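Subject: Handover of a structure, with findings

Dear colleague,

Please find below the structure that I am passing on to you. My notes on it follow directly after.

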Amino acid sequence: MIPFSPPDITEAEINEVIETLKSGWITTGPRTKELERHVADWCNTSKAVCLNSNTACSEMTLRLLGIGPGDEVIVPAYTYTATASVVNHVGAKIVMVDCEPGQYSMDYEALERAITDKTKVVIPVDLFGIPADYDRIFKIAESKKALFKPSSNEIQWAIGRVIVMADAAHSFGALYKGMPVGGIADFTNFSFHAVKNLTTAEGGAITWKDINGIDNEEIYKQYMLFSLHGQNKDALAKTKAGAWEYDIVGLWYKCNMTDIHAAIGLSQIKRYDGILKRRKEIIEYWDNAFKNMPVETVSHYTAEYSSSGHLYPIRLLGKCEKERNKFIEKMAELGVSTNVHYTPLPMHTGYRKLGFDIKDYPNAYEQYKNVVTLPLHTKLSDDDVAYVADCVRKCL
């Protein structure tokens with residue numbers, strides 16, 4: 001039996017968690033702050049913030065940017081709900097863009113057409129761990145600069161164009177033109193969920209590029225306030241002698257990361273180079289194995305970018321949705337768990353209630369109808385990797 005995505009937990013993670021439990025400090029504290037420093041180092045940014053999920057990171061960033069009712073935020077139709085649901089959470093309008101024909105990526109020409117004087121943010125997604133075309137996205141944002149109408153938010157004024165907020169849930173450790181994802185978009189949100197390459201069980205992180213005229217420490221402090229009820233001292237700061245008093249400076253949220261979760265991440269990030277290397281080995285084996293099969297794969301490694309190798313989707317060429325589902329059943333009968341990434345957002349009930357219709361996103365449906373995601377993770381042995389390829393061949 002080959003599970004789809006079990007966490008790669010070693011004695012190092014277990015021991016780090018035990019030490020945290022023994023330390024007497026298990027909520028947000030020194031280990032969370034240390035993980036933030038490691039994340040910033042990986043992304044070559046001045047600061048990073050760790051919270052309890054990518055979703056929290058995305059929503060808090062929209063709130064930091066002052067996004068709300070009357071604003072529009074552009075998202076792709078081909079993604080997980082967390083990319084778009086946060087837009088709804090802050091009261092802004094979701095503007096959805098189809099895929100490029102024959103691709104999973106956002107249609108950049110459609111993105112350009114979708115920008116109006118109400119557009120404040122675009123959220124590109126690094127699907128499967130493959131970076132979006134950031135050069136093209138920034139070129140579009142600059143070309144539409146005259147349309148941009150900032151609110152009273154100082155970051156909007158400082159950036160002066162549509163803000164690029166990357167959904168990099170899949171792509172921690174990926175490179176775009178030699179630069180680490182996390183230091184390319186204006187703001188980048190990562191996921192450290194249990195199924196991700198690097199996990200904290202539940203968790204996520206935010207990084208951002210330096211912004212002229214904006215103090216990174218002030219940005220960091222605002223994230224801390226948002227993530228802890230608007231309280232101006234966290235629990236660790238309140239333990240100092242005579243420092244019990246605090247103020248609630250805003251009626252905000254609760255989404256901090258704990259030191260227990262950070263302990264897992266600290267052990268993972270110390271061996272993350274090896275995790276990325278093993279994922280690349282598996283991907284290269286399958287790329288070669290599937291060359292002469294009637295399937296289409298994605299390019300994880302090119303001269304322009306290097307993926308984090310998070311997911312391995314294949315399209316069953318010439319097959320329909322029903323045949324794809326039968327393939328998944330047959331793979332399961334052979335002991336191989338697979339998945340589908342993703343059912344496009346307009347096909348889900350919650351988005352249909354908002355008026356979205358998959359008929360308006362034909363390219364997204366074409367990508368979805370015959371895609372299957374294979375179980376790619378670092379718990380796979382070489383024999384497992386070969387067995388998965390053999391099962392694909394048999395089921396085809």
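The notes below cover strands, helices, salt bridges and cysteines in turn.

Please keep in mind throughout that this is a predicted model.

Strand 9 (residues 204-208) runs antiparallel to strand 8, with 5 bridges joining the two. In that pairing, N189 is placed opposite I206.

Another element to inspect is an open sheet of 3 strands, in the order 7-6-11, with antiparallel pairing. Strand 7 (179-180) and strand 11 (305-306) are its edge strands; each has a single partner strand, so one side of each is left without a neighbour in the sheet. Strand 6 (residues 175-176) pairs with strand 7 over 2 bridges in the antiparallel sense, and Y176 stands opposite M179 of strand 7.

The buried residues of helix 2 are R31, T32, L35, E36, V39, A40 and C43. After helix 2 comes N44, which has a positive phi, near 60 degrees.

In helix 4 (residues 81-89), the buried residues are A82, T83, A84, S85, V86 and V87. These buried residues pack against helix 3, strand 2 (72-76), strand 3, strand 5 and helix 13 (349-352). Helix 4 is followed by G91, whose phi is positive, near 90 degrees.

**Salt bridges**

How many salt bridges does the structure hold? The count is 22.

- E59 and R63 form a salt bridge through their side chains, at 3.0 Å from N to O. The two residues lie 4 residues apart in helix 3 (residues 54-64), and are therefore separated by about one helical turn. E59 is buried, at a relative accessible area of 13%, whereas R63 is partly exposed, at 23%.
- R136 and E100 meet in a salt bridge with an N to O distance of 3.9 Å. This pair links distant parts of the chain, 36 residues apart: R136 belongs to helix 6 (residues 134-143), and E100 to the loop between strand 3 (93-97) and helix 5 (108-114). R136 counts as partly exposed, with 33% relative accessibility.
- E296 and R315 meet in a salt bridge at 3.2 Å, N to O. E296 lies in strand 10 (residues 295-296) and R315 in strand 12 (residues 312-316), so the pair ties together parts that are 19 residues apart in sequence. E296 is partly exposed, at 29% relative accessibility, while R315 is buried, with a relative accessible area of 10%.

**Cysteines**

How many disulfides does the structure contain? The count comes to 0. C99 takes part in no disulfide, and the nearest cysteine sulfur to its own, that of C320, is 19 Å away. C99 is buried, with a relative accessible area of 1%. For C320, the closest cysteine sulfur is that of C395, and because these two sulfurs are 16 Å apart, they are too far from each other for a bond. The cut-off that applies here is 2.5 Å between the sulfur atoms. C320 counts as partly exposed, at 33% relative accessibility.

With kind regards

Notes
Residues numbered from 1 in each chain as written. Predicted model: local features only at pLDDT ≥ 70, side-chain atom pairs only at ≥ 80, totals over all residues. Heavy atoms only, no water. Pairing = 2+ DSSP bridges. Salt bridge = Lys/Arg side-chain N within 4 Å of Asp/Glu carboxyl O. Buried < 20%, exposed > 50% of the residue type's maximum accessible area, 1.4 Å probe, protein only. Contact = heavy atoms within 4.5 Å.
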